[in-house]
Amino acid sequence: MALHPDRLLPVDPGTRGIARRLYGAVSGLPILSPHGHTEPAWYAEDRAFPDPAQLFVVPDHYVFRMLYSQGVPLEALGVPRRDGGPTETDGRAIWRLFARHYPLFRGTPTRLWFEHALETVFGIDERLTPGNADRLYDAIADAIGRPELRPRALYERFGIEAIATTDAALDDLHHHAALRDCGWSGRVLPTYRPDAVVDPDRATFREDVARLCALAGEPVTWSGSLAAHRARRAFFRSLGATATDHGHPTARTADLGAAEASALFDRVMAGPVSAEDAELFRAQMLTEMAGMSVEDGLTMQLHPGSVRNHNPQVFARFGLDKGADIPQPTGYVHALKPLLDRFGNDPRLTLVLFTLDEAQYGRELAPLAGHYPALRLGPPWWFFDSPDGMRRFREIATETAGFANTVGFNDDTRAYLSIPARHDMARRIDCGHLARLVAEHRLDEDEAHDLAHDLAYGLAKAAYRL
Amino acid sequence: MALHPDRLLPVDPGTRGIARRLYGAVSGLPILSPHGHTEPAWYAEDRAFPDPAQLFVVPDHYVFRMLYSQGVPLEALGVPRRDGGPTETDGRAIWRLFARHYPLFRGTPTRLWFEHALETVFGIDERLTPGNADRLYDAIADAIGRPELRPRALYERFGIEAIATTDAALDDLHHHAALRDCGWSGRVLPTYRPDAVVDPDRATFREDVARLCALAGEPVTWSGSLAAHRARRAFFRSLGATATDHGHPTARTADLGAAEASALFDRVMAGPVSAEDAELFRAQMLTEMAGMSVEDGLTMQLHPGSVRNHNPQVFARFGLDKGADIPQPTGYVHALKPLLDRFGNDPRLTLVLFTLDEAQYGRELAPLAGHYPALRLGPPWWFFDSPDGMRRFREIATETAGFANTVGFNDDTRAYLSIPARHDMARRIDCGHLARLVAEHRLDEDEAHDLAHDLAYGLAKAAYRL
Amino acid sequence: MALHPDRLLPVDPGTRGIARRLYGAVSGLPILSPHGHTEPAWYAEDRAFPDPAQLFVVPDHYVFRMLYSQGVPLEALGVPRRDGGPTETDGRAIWRLFARHYPLFRGTPTRLWFEHALETVFGIDERLTPGNADRLYDAIADAIGRPELRPRALYERFGIEAIATTDAALDDLHHHAALRDCGWSGRVLPTYRPDAVVDPDRATFREDVARLCALAGEPVTWSGSLAAHRARRAFFRSLGATATDHGHPTARTADLGAAEASALFDRVMAGPVSAEDAELFRAQMLTEMAGMSVEDGLTMQLHPGSVRNHNPQVFARFGLDKGADIPQPTGYVHALKPLLDRFGNDPRLTLVLFTLDEAQYGRELAPLAGHYPALRLGPPWWFFDSPDGMRRFREIATETAGFANTVGFNDDTRAYLSIPARHDMARRIDCGHLARLVAEHRLDEDEAHDLAHDLAYGLAKAAYRL
């Protein structure tokens, strides 16, 4: 059951041989994690992780959505209720439930991430079953108390060179400040994520914009709010930020004149806000953010296309990020035009595009990124952060956009232990893709070695200015 | 020319070896056919099939659409005209025409189904050509007169454990009743297909709704019609039905209040019906049907996205189902929301989703099925019931939805002799997919054996409660 | 670094062996190039090509869009400015810049086309690097002065049997006339491309329509313009044309009554033109063109779905066709219906459909082409004219449309030297696809040989009546 050295490499023996050589040369490179969702507190406080269920099940929406889809209540998996209602708190009970349903993950990346962590972090190379669930639980519970499994020790053991967190525009970044001052050599960088203050559909939008302006000592006006964004971005940069991130329902952008934009700001702050005004404000803010990136050099990331909280019952009971976000068709060619008309030719801007709509890899995204100096393609996102998902991305995007218009890998995860597994998966799949090109005589092996290094390390370093 | 034992298995020798072992263990499992279009009369009356052309060409839209696309008139293929106009009636002439154009089917599943039936049912392992057309015609014509080629004998020979037919809501199911009473051990189950009484765009909609209500002794009102549906569903269940099926132009659902729904019913019954009212009524009826499935346990199937009768000349001359139905883009994420808001979290509902829009496998369908307890993904449908179509489905859907949120195979066919060929194709492709996962060390072989059994048998049995 | 004899063939050794045999039998077939963009002047005047940069870099949007996407100004690549502003004119400087950025093309078809031309035309089997750039430049510059590298000599050396150019409806075709009269045996055929006189959004639309009518001695009326089209088409046919070509933003068609169409013509000629009228006029003209093709037998090609000149700065400075055309989602099922309702069943029409929207291969295009006698599928277009692009097309389209509803290969290129490379790529990929079908026992090898010949030669000859 142990991890096989050839896992995820191409099955054809000749191609696998090439892939092995390529992978062997990049498997040990440091990890750059320029887009993720780990907690800065972990690194700042360096406390032991709680029990195995809290480590592997309770916070991982990939895990609990699959069990939920097969009829397991989220309460039984320990997911906290918003109303404080009863939910399972016994880690062992949650773990046993996970073990009983573990076969559901056959063929999914979750299973590969989990087993990689089990073996490389805990030395466990058995498949989880109801029969060994208790024994494995005890082994993990025992191990996570040890110093070498604390967050900073793992950071070093995982070979991380830099890792970005995701932080609200209003965040005071005190953990990042503490990390800057504490003398530890790890690089934990904040990322400016202003969704709450650019999306009028959020319940706390108006208060949050007011707080944003107050933090910067600016009036609550259109120009005041822009100045406040600039001030917050500078603050984030002072603590190491190299990027912003924007999660929008669509990729729509706008480029209104100042008077129009100001009037729109006044309308969305006065409320109630029409759907069109909310969308237009988000659209305008993307272009403003691009303009600020031209000024301050923060790499801009756009993650559009998720219908958040699709399931009102799950949202009412458990809140955000509970596996009920579902992709929708997402256009780029018309949506991005206002922003691109303004900044698309400016090489000072790096705008990294993500998608949940694979039909866009070849139709709009690769053609756009293969033309505009400001655009790059992010790696396969979320549901497509998977072996076959990564393969499709490379097969479809590369012939039009090349490799240089992509940005390496993002692990995009809250699951700290899965980070090495995820980067390893990406390196294996990318080496497999390159090996196929070599085996088909479309690329020479020395070139493939260069590219494997770029995809594992160099492209992320350059795109995120790490 | 004979069927090769390794056909449709992966080409890589190592992977093929694994696939052979997996396939060997499931190739002989009984056939569950929970969604199909064979005629209940065949089993009830157990008469010999007519001539070879009537068996293989005239009723098979996969066959005649291909010949039509290359300029062969449908009349020459024996397709009956609605006006009773002249059409070829000489089976041998039709068969010769088919033989002359047989190379058109290279690379299509039709060819594989046809040759499987030729060899396994008739012992013919030659490729059909103009040169042997007459001889093969005679051999088949001779064989189909024999008792061992009667429908019931074939049912047993094919190893069918249960087969569902598709039956209009108004159908009296007298063949199913006869089958229940006749002592034969075959299981031929009706399926409740109420399209004609839920779609105001059908020419006979109003009369059909009136008949539906009359059959159940209910008034022709909104609530009367719902009661009538309940009564008809109970009748279908009494004759073995375990499922309903719904063929709609889109996946749109609605969840109107009772007063609104009642007013809508009155409008569509009064006519003329606006396009929006027709769509809204269909949408509302899907949610009503889901609610009834929660009550009575019938598995619900939704087949959306086909533009029926795209070719008005073909429709005017030959009617429905003549190969002129063309898929259109089909959304699910917003369309299904009203139904899912109401019943999506209810594990008593099993709603099996199909699509003709492959862009939806990864974008909306797998994410939805990987979250909602009520949802399952049907197998690749219609144009995608093919080797490469099945591969794409597994490659794209599995990483997000897993295997357990799919329902095994549906043959979906009127072509009785093709049923074993179609199930065999699905088993081979699924085993090939599993073998690749094993060869890539993403799955262990014992797990792949479990899954091969699930995909060939277990999932259909569970999802359709057979 | 030399071209490998097995390049682009499948990696599995057994499958590769089959592919080699298939490819070996078709690699030497004559080239039919029924859709391309080479200049008729080249063949008529038979002058030497200018310097290496003008041959390989300056006119090739695949090349300069990639360099531009990575921050290289188009001026530095010698792309002429509309305002006559400064642009690089030193071919050697451009070539050096190309050499420095050559690694960008790893994994792209451009690299394969370029190296094929380098080796087969110039005998160069080194990879271009900054170190050898000058030497290679000199070698190419030296060679292109020689008689055996003149356009006609290359036509013969490339084994071209017929090549089509693309010509505006107003073109006087004097080069084609000169070619007809000069005694050279090459077949260089014009193609009727009326975009400028059917698209009211073009700046010169009204003058161009007036000129069209004047050329034919017809009044500038709806019926006069149709008569003028008929006259121009007859003129094109007199010089060898066998096809028309239509580049539209969408695939929308219309079938207005004569009075309505005439009123629409009057409105678009009077101006200003609404977006809807412009689209409707283009839509109506497609149906008119189809009707004329029924009459005169010209094969009709439709290339929809490109958003032209997406980048206003690039357009303002450099004009059309500068790598800034981006695909958009493109529907066919509803868009084509008016045209198909009128002519879709008429086997005298051959309408070849192209797409930049791969989601359409399986969803709409293959189902349409597998039914309508008038429809055929063009080869993968533009961004998808690539090894993996071609593979996806065959894998997705074939199972529904078969091979006979496709039309072989189009090179679609302005880059004369790349023509043999492009046809060779298509032959290799098609043979690889066929080899896989043979290796999976879905096709017998003798059938694959027939099909390889069809795909390389026979289908184009038939579809374009060459």
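Tutor: What follows describes the interface of chain B and chain A, and then turns to how the copies are arranged. The model is a predicted one.

Start with the extent of the interface. On the side of chain B, 43 residues are in contact with chain A, and on the side of chain A the number is 49. Between them the two chains bury about 3800 Å², and carbon and sulfur atoms account for 50% of that area. In chain B, the residues that lose the most area to chain A are Arg363(B), His371(B) and Glu399(B), which together make up 19% of what that side buries.

Next, the polar side of the interface. Between chain B and chain A there are 32 residue pairs in polar contact, counting pairs with both residues at pLDDT 80 or more. The elements of chain B that each give two or more residues to the side touching chain A are helix 16 (337–343), helix 17 (359–369), helix 18 (387–401), helix 19 (419–439) and helix 20 (445–463). Helix 17 of chain B supplies the largest share, with seven residues. Sorted by class, the side of chain B that touches chain A holds 16 nonpolar, 11 polar and 16 charged residues.

Salt bridges also cross this interface: the rule finds 11 of them between chain B and chain A. One pairs the side chain of Asp450(B) with that of Arg106(A), at 3.4 Å from N to O.

Now the arrangement of the copies.

Finally, a brief look inside chain C. Three of its strands form an open sheet in the order 1-2-4, with parallel pairing. Strand 1 (31–33) and strand 4 (188–189) of chain C are the edge strands, each pairing on one side only. Strand 2 (residues 160–164) of chain C pairs with strand 4 of chain C in the parallel sense, over two bridges. Within chain C, Ala164(C) stands opposite Leu189(C), a residue in strand 4.

Notes. Residues are numbered from 1 along each chain as its sequence is written. Chains are lettered from A and ligands numbered from 1 in the order in which they are written. This is a predicted model: local features need pLDDT of at least 70, side-chain atom pairs count only at pLDDT 80 or more; totals for chains, interfaces and linings use all residues. Side-chain values use heavy atoms; hydrogens and water are left out. Contact means heavy atoms within 4.5 Å. Buried area is the accessible area (1.4 Å probe) that two parts lose on being put together, summed over both. A salt bridge is a side-chain nitrogen of Lys or Arg within 4 Å of a carboxyl oxygen of Asp or Glu. A polar contact is a pair of N or O atoms within 3.5 Å; within protein, one must be able to donate a hydrogen and the other to accept it, and residues adjacent in sequence count only if both atoms are side-chain atoms. Helices (H or I, at least four residues) and strands (E, at least two) are DSSP runs, numbered from the N terminus. Ala, Val, Leu, Ile, Met, Phe, Trp, Tyr, Cys and Pro count as nonpolar, Asp, Glu, Lys and Arg as charged, and the others, Gly among them, as polar. Two strands pair if DSSP finds at least two bridges between them.
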